[in-house]
Amino acid sequence: MAVDIEFTFIDTNHVTLHTALAGPKDGELVVLLHGFPEFWYGWRHQIEALAEAGYRVAVPDQRGYNLSSKPEGASLYTVDLLRDDIAGLIEQLGYQEAYWVGHDWGGAVAWYAAATKPELVKKLTAINIPYPGAMGKALLRYPPQLLKSLYMAFFQIPEFPEKLMQTDDLEQMKKGIAMTANPGAFTEDDLDRYKTAWAQPGALTGMLNWYRAIWHKEIRPDLVQVPVRILWGLGDPFLHKTTAKVSLEYCAKGELIYIDDATHWVHHEQPDVINRLMLEFLQQEKP
């Protein structure tokens with residue numbers, strides 16, 4: 001990367017988050033939140049674009065992932081705790097609010113923050129993740145989504161998913177992420193970096209505890225008042241576009257942009273498109 005990235009450990013909400021930082025220290029803050037099974041490196045294509053545009057960029061390994069804290073027990077991975085991790089990170093960096101950008105589970109955390117603590121969120125960019133509070137209505141409109149989501153139920157089984165993931169020295173996990181993306185989205189070097197993150201002590205259980213905590217916290221379908229832009233790769237094998245459409249109905253100021261020739265991993269497959277749409281949204285005057 002052309003920009004300098006520094007790494008630090010930030011204490012927040014009784015955990016320590018390993019965090020990548022880039023861009024001018026006096027720039028507006030953008031927080032990039034990864035999903036499963038990624039870590040800060042999943043935003044490598046976006047960090048440079050944001051930093052060069054003058055933003056201060058913070059990219060944590062979220063709780064349970066890579067080099068960040070991995071508290072024991074699914075009850076310590078509820079979405080309110082995950083939200084408050086990032087709220088504390090923003091405060092520790094000397095800011096009162098930030099632009100939140102999230103993909104997959106990181107997007108779910110960002111959606112929840114926008115709905116429940118809007119004073120922390122200038123704008124929300126959600127990438128291939130629906131508003132969790134909209135999923136009930138989305139399932140009614142598109143029942144086959146339940147089949148697409150069955151893997152989430154599997155991940156909630158104690159211990160067995162970790163053992164399966166460890167098969168063949170994590171090589172099956174590497175193949176799994178590559179097979180659900182367009183060819184070339186992840187290089188072998190990229191996947192080896194993921195493998196190193198997954199191999200951190202306690203990481204697989206920490207990552208899966210996000211799924212195991214789902215039933216510990218009910219998410220009410222509140223109206224999201226902050227400006228929202230949803231970016232959606234149409235070839236997502238896990239989430240149907242109906243879930244994005246329904247999410248838009250819960251946004252007071254929202255827009256949805258579909259991206260062709262892209263999957264769940266659109267920010268890897270079409271980084272130039274994502275970066276352009278993201279920066280365009282951040283730089284727009286608020287309505």
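I looked up helix α8 (residues 171–179) and helix α9 (residues 188–198), which pack at an angle of about 130 degrees with their axes 10 Å apart. This is a predicted model: local features need pLDDT of at least 70, side-chain atom pairs count only at pLDDT 80 or more, and totals for chains, interfaces and linings use all residues. Residues are numbered from 1 along each chain as its sequence is written, and side-chain values use heavy atoms, with hydrogens and water left out.

Axes are lines fitted to C-alpha atoms, for helices over the stretch in contact, and angles run from 0 to 180 degrees between N-to-C directions. Helices (H or I, at least four residues) and strands (E, at least two) are DSSP runs numbered from the N terminus. I noted the α8/α9 crossing as right-handed (near helix turned clockwise from the far one by less than a right angle).

I then checked Trp-232, in strand β7 (residues 228–233). Trp-232 is buried, at 1% relative accessible area (buried is under 20%, exposed over 50%, partly exposed in between; 1.4 Å probe, protein chains only). Ile-259 is 27 residues from Trp-232 in sequence, yet their C-alpha atoms are 5.8 Å apart.

Last, I went through the backbone. Phe-36 and Pro-37 are joined by a cis peptide bond, omega about -5 degrees; Pro-37 sits in the loop between β3 (29–33) and α1 (44–52). Asn-13, not a glycine, has a positive phi of about 55 degrees and is partly exposed at 25%. His-14, also not a glycine, has a positive phi of about 70 degrees and is exposed at 83%.
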